[in-house]
Amino acid sequence: MSAAFRISAALWDKIHHFASFPQTGVSLQQMVLFGQNPSQGTLLKASQFLAEELPVRLAHRVKELSELPHGLSDMPSIRKVQNWYAQSFEELITFPPIVLPPDIRQALLAPRAETPLPESTPNPAMRHLDPDPDALAHLSSPGTFNRLRLRVPLDRRSVRSFTSAPAPRRPPPAPVHLRRYYADTESVVRWPPQVQDYNARFTKVLEAIKSRHDPTVTTVAQGILEWKRSQNARNINLDIQAWLDRFYMSRIGIRFLIGQHVALNTQQAHEDYVGIICTKANVHDIVHEAIENARFVCEEHYAMFRGPPVQLICPPNLTFPYVPGHLSHICFELLKNSLRAVVERFGLGEDTVYPAIKVVVVEGNEDITIKISDEGGGISRSAIPLIWTYMYTTMEGQGIDQDFQASDFKAPMAGFGYGLPLSRLVSRVVSLVWSGLV
């Protein structure tokens, strides 16, 4: 059980070792190359990539959680999250490697002409995040607050050569410049049964890890509340705010990779889907669903028969490659804010006539813009610097259930203080995926 999990000294050695390596970026182009029906060999190479990559990312998070400033690492909820990450890390590094027949192994190791990837087009709006491309290439950079830079080896062949542990059974990883999430394996026509078995077992491990980390957002938020009570603080410090941005950015990227891999291995082939990525995501349908969900939450929260109307102005056939769940989440959070503002400004009453909230979607030459406007009174000028701050909310009396176990996308009407900051991070992660930085 994760509740009784403890990080041993030997495991800490491995965590620190893995945390000394940078992460390898994965682009949306690579993910889409899998197609609707990837071969078991292609899925095997992706499984092996994640078996090496995810421990590196998890190790960064465990190490960072142990080094948080102002005593935040000592909060019970933060320690709980740290143990979850360490347990997932241990499960991945101890997962037994596949044993392949010599001919299959040789075919996988043989040099081949890799499928060329299209050039990435950086999003100019994202340049302010980090002008250093090397820093962007590993979003899960170590969060040491003493500004010490960790050693970044040129070769990852020694990634599992521990001085305090026995020699691993797993073959060493390839160098960074040779590692790749997508690999063409069409040269092998028939794959032995152990390949499919390995993919299935590894997928189950990823599903268990994803489920374990479902309540991470609310548990970290609970840890922040514990820290604020212990320090008698009203707001969080800037360094904690920066850490939360890094932590949740890395978390979204990790769950993106896990969700994509699980979907590739478990879901039935669909014409417009590659894993969780919809190659023809219909903006009108996604936004309309978010509107219905937000209005339902609003009506339930305020005990209303009918909430404020929402007018959607969007071309019905506008599509683009995206993760529908991410776009739905962003629109849902913004619409909740608009609905709440309108209801609280015009009041509750059977005869109240609410002005319509407008959602306008426009396709430009390089992007798609979604604008949500309402007549709820706007944001106070003094509150604008705080709206992107975690745990900031204008609704009082909303707490976090200690036993909350739902996923990140089930939230109250307001009061959590995470809607806007997390929505911004989700949009940033997807933008960075286009450039191969996640």
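**Questions about a predicted model**

Modeller: The protein chain exposes about 22,000 Å², and carbon and sulfur atoms supply 53% of it. This is a predicted model: local features need pLDDT of at least 70, side-chain atom pairs count only at pLDDT 80 or more, and totals for chains, interfaces and linings use all residues. Residues are numbered from 1 along each chain as its sequence is written, and side-chain values use heavy atoms, with hydrogens and water left out.

Colleague: Why is Ser73 called buried?

Modeller: Buried means under 20% relative accessible area, exposed over 50%, partly exposed in between (1.4 Å probe, protein chains only). Ser73 has 10%, so it is buried. Of the 438 residues of the protein chain, 50% count as buried.

Colleague: And what makes Pro96 partly exposed?

Modeller: Pro96 has 34% relative accessibility, so it counts as partly exposed.

Colleague: Where does Ser73 lie?

Modeller: Ser73 is in the loop between α3 (40-65) and α4 (76-93). Helices (H or I, at least four residues) and strands (E, at least two) are DSSP runs, numbered from the N terminus. The chain has 12 helices and 6 strands.

Colleague: What does the side chain of Ser73 reach?

Modeller: The backbone oxygen of Leu65, at 2.7 Å.

Colleague: Which residues is Ser73 in contact with, leaving aside its neighbours within four places in sequence?

Modeller: Contact means heavy atoms within 4.5 Å. For Ser73 these residues are Leu65, Ser66, Glu67, Leu68, Ile78 and Arg79.

Colleague: What makes a space a cavity?

Modeller: On a 1 Å grid over the protein atoms alone, a cavity is a set of points where a 1.4 Å probe fits but cannot get out; lining residues have an atom within 4 Å of a point. Grid points are joined across faces, edges and corners, and a volume is the space filled by probe spheres set on the points. There are 2 cavities of 30 Å³ or more.

Colleague: Which residues line the largest cavity?

Modeller: Leu58, Tyr85, Ile209, Lys210, His213, Arg251, Ile254, Arg255 and Ile258. Two elements give two or more residues to this lining: α7 (193-212) and α9 (238-266). α9 gives the most, with 4 residues.

Methods. A polar contact is a pair of N or O atoms within 3.5 Å; within protein, one must be able to donate a hydrogen and the other to accept it, and residues adjacent in sequence count only if both atoms are side-chain atoms. Accessible areas come from the Shrake-Rupley method with a 1.4 Å probe; for residues, only the protein chains shown count as cover. On a 1 Å grid over the protein atoms alone, a cavity is a set of points where a 1.4 Å probe fits but cannot get out, and a pocket is an open set with protein on both sides within 12 Å along at least five of seven lines; lining residues have an atom within 4 Å of a point.
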